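Subject: Handing over the structure, with notes on what was found

Dear colleague,

I am passing this structure on to you, together with some notes to read beside it. Please have the sequence and the 3D view open as you go through them.

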Amino acid sequence: MRATISVALLLGKIVTLMFISNDMNVMSSNTLPDFRISPRIDQVGIEERAKKFTTRSIKKETKVEGLKMVLNMIDLTTLEGKDSEGKVKQMCYKARHLHDAYPGLPTVAAVCVYPSMVKLAKQSVGDSGVKVASVSTAFPSGQAPMSVKIDDTRFAVESGADEIDMVISRGKFLAGEYNFVFDEIAAIKEACGEARLKVILETGELVTYDKVRRASDIAMYAGADFIKTSTGKIQPAATMPVTLVMLEAIKDFYYKTGKMIGMKPAGGISKSKLALHYLVMLNETLGADWMNNQWFRFGASSLANDVLMQLVKERSGVYQSADYFSVD
Amino acid sequence: MATSTIKKKTAAKAPKVEEVQSNGAQAQRLEVLKTYKLYIGGQFPRTESGRYYVATNRKGEQLANVCTSSRKDFRDAVIAARGAQKGWAAKAANNRGQILYRIAEMLEGRRSQFVDELMKQDSTKAQAETEVNLSIDKLIYYAGWCDKYQQLFSSVNPVASSHFNFSVPEPTGVIAAIAPQNNSLLGLVSVIAPAITGGNTIIVLASESKPLCAITFAEVINSSDVPGGVVNILTGKPSELATQFAAHMDVNAVVFCENDELIQKDIQEKASLNVKRVLLYNDVDWFSDKGESPYFILDTQEIKTTWHPIENIGSGGGKY
């Protein structure tokens, strides 16, 4: 029994290795780590450490600069069954014109939509520099055959998506079929072509920090350009400790391979104060090289308005109301 | 200064010692004193600023340590009030009436506690009882108005086109009020009741010199099915908070009841930022009949007019 399993694992590894060497050149070393022995996470330690980042005091000009950076890192998102063309157009307009009454604001980094809306979104953002990200691979559950997931991804890329947000097969991952997950990510990466690939781990379904760490390692070695916490459809979504676990994984990966990977916490970050805490955590974990929207994003729909309200408050000295900011 | 404040704190908290029989032996029991905290979003937090002042009576006796609310406490209260406003306005009018009636019932049940507190704050027994009675009656009065003021203030308007044109009052939203300073309970109730009757939510700063009843009244509200955030009660200095009340963009109306022209002017200037309603009740005698009226409800309502297209109304011979 044991012999069969290890043979299967071995086989799986050979297959994936071949896959990698044929299709991609991501690996600087030729050996993949054994994902079963990804580093274990000290739960108490990581939570204590994450809490420490919330104690930094960021005021005045620093706060204003930080908030502008947050705005520039947002992936403005609408992923509802009820999304219409009007809604997507409106959101793309908002992405370019966050608050015209405040001159000199940056745009958001990207808009994030379903594949069917990519074409429209691409037209709507025009030449503003705002990227279009599309979720794919049967978002949010990922419960579809491989062929469907690949088609889904190709469709989004052909429609003009600059970035693809895929979900991993959490069921397979939790069942220990790491090779399946690895191969799937690698296959989608291939289908992405030029588009950057963000891999959504859906940490709310992974149960433990150990598994989050393992999934992060698998995603990065399989070719992810970004790792992302959540779909936003499952609670809990992004939390500071879980993001810290992933940032640490990115750091280790960078030390081993020299390759930078981006990070995108998504879901549940709706207040500017919290967003600033995330930036502090990013800066103190990965450093200044990651402090831009090439390497860090916030997946959020309501964060932008809260940041805008804080910015206007800093300028006018008066606390703001959502009544005076466009919904989307 | 710091030491003397601490000493005062100890003095104000100095418990009275009662003698109680316990198993036949004489035992000393320490009286449990109430900590007067704030009431924000259905909870009783201390002020985040950690500041307090000592409430005293006319003789200078120390009654309690009371929170000096900060701008941040007020902001938190605005967030709570804004969050609760939609749900409160959406409640059936008669349900709001039932809840106001419930506040009155709870107040009735704790009348002796309020009489005690009022007497501590320089009222005579008769005055205290009158004030509590009037407060309860006022709540019943507004409970009754909950599903009636709409009819009184609505209208069907004559228009020359094929439209059914009507106007109805709608709550203005979040109200920030500074309660009358010269009494502890009645003024507070007089400001809160019409505001919440009309579907608004309110943040109210209690009397600075007579703050005791405010927090006890918060306990009454908290046990009366009033959703958290509908009524938020702060204690502290009007001079410090009036500007904040008037400037906050997420506040839709400000209520001020004193004859202080400087503060009035400041409020009016700051309120112009988002054209919030400014209600100055400086000459209202809350103890008289003039202290209760449906027009206090109307003060915090917006009139919404609807033009509803219809077939030619003249053809039926009817006229509006």
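A residue counts as buried here when its relative accessible area is under 20%, as exposed when that value is over 50%, and as partly exposed in between. By that rule, 46% of the 320 residues of chain B count as buried. Please keep in mind throughout that this is a predicted model.

To stay with chain B for a moment, its secondary structure consists of 11 helices and 12 strands. Among the contacts in chain B with a separation of 6 or more, 74% are accounted for by residues 24 or more positions apart.

One place in chain B that deserves a visit is Thr47(B), which is found in the loop between β2 (25–30) and β3 (52–56). Is Thr47(B) buried or exposed? Its relative accessibility is 8%, and therefore Thr47(B) counts as buried. The side chain of Thr47(B) is joined to that of Asp73(B) by a polar contact of 2.5 Å, and to that of Ser49(B) by another of 2.8 Å. If residues up to four places away in sequence are not counted, Thr47(B) touches Leu38(B), Cys67(B), Thr68(B), Ser69(B), Ser70(B) and Asp73(B).

Asp76(B) has its place in helix α2 (residues 71–90) of chain B, and with a relative accessible area of 27% Asp76(B) is partly exposed. Although Asp76(B) and Gly41(B) are 35 residues apart along the chain, their C-alpha atoms are separated by 8.4 Å.

Turning to the interior, I begin with a general point: in soluble globular proteins, nonpolar side chains tend to be buried together. The largest nonpolar core in this model has 94 residues, of which Val111(A), Ile185(A) and Phe298(A) touch the most other members. Helix α10 (residues 240–257) of chain A gives the largest share of this core, with nine residues. Once its neighbours within four places in sequence are left aside, Ile185(A) is in contact with Met166(A), Ile168(A), Leu197(A), Val199(A), Ile218(A), Ala219(A) and Ala222(A). There is also a second, separate core of 62 residues, which includes Leu118(B), Ile136(B), Phe217(B) and Val255(B).

Next come the charged pairs. In the pair formed by Arg49(A) and Glu284(A), the side chains meet in a salt bridge of 3.9 Å, N to O. This pair links distant parts of the chain, since Arg49(A) lies in helix α2 (residues 43–52) and Glu284(A) in helix α11 (residues 272–285), 235 residues apart. Arg49(A) counts as partly exposed at 36% relative accessibility, and Glu284(A) is partly exposed with a relative accessible area of 36%.

Lys122(A) and Asp162(A) also meet through their side chains in a salt bridge, at 3.0 Å from N to O. Because Lys122(A) lies in helix α5 (residues 118–125) of chain A and Asp162(A) in the loop between α6 (146–158) and β4 (163–167), the pair ties together parts that are 40 residues apart in sequence. Lys122(A) is partly exposed at a relative accessible area of 30%, and Asp162(A) counts as partly exposed at 24%.

What separates Arg213(A) and Asp217(A) in helix α9 (residues 209–222) of chain A? They are four residues apart in that helix, and so are separated by about one helical turn. Their salt bridge has its closest N and O atoms 3.3 Å apart, and both Arg213(A) and Asp217(A) are buried. Elsewhere, a network of salt bridges links Asp75(A), Glu163(A), Asp165(A), Lys198(A), Lys228(A), Lys264(A) and Arg297(A).

Finally, there is the contact between the two chains, to which chain A gives seven residues and chain B gives nine residues. About 710 Å² is buried between chain A and chain B, with carbon and sulfur atoms giving 56% of that area. On the side of chain A, Val318(A), Tyr319(A) and Tyr324(A) lose the most area to chain B, together 70% of what that side buries. By class, the residues of chain A that touch chain B are four nonpolar, two polar and one charged. Between chain A and chain B there are zero salt bridges, whereas four residue pairs are in polar contact, both residues of each at pLDDT 80 or more.

With best wishes

Key
Residues are numbered from 1 along each chain as its sequence is written. Chains are lettered from A and ligands numbered from 1 in the order in which they are written. Side-chain values use heavy atoms; hydrogens and water are left out. Contact means heavy atoms within 4.5 Å. Buried area is the accessible area (1.4 Å probe) that two parts lose on being put together, summed over both. A salt bridge is a side-chain nitrogen of Lys or Arg within 4 Å of a carboxyl oxygen of Asp or Glu. A polar contact is a pair of N or O atoms within 3.5 Å; within protein, one must be able to donate a hydrogen and the other to accept it, and residues adjacent in sequence count only if both atoms are side-chain atoms. Ala, Val, Leu, Ile, Met, Phe, Trp, Tyr, Cys and Pro count as nonpolar, Asp, Glu, Lys and Arg as charged, and the others, Gly among them, as polar. A nonpolar core is a set of buried Ala, Val, Leu, Ile, Met, Phe, Trp, Tyr and Cys residues joined through side-chain atoms within 4.5 Å. Buried means under 20% relative accessible area, exposed over 50%, partly exposed in between (1.4 Å probe, protein chains only). Helices (H or I, at least four residues) and strands (E, at least two) are DSSP runs, numbered from the N terminus.
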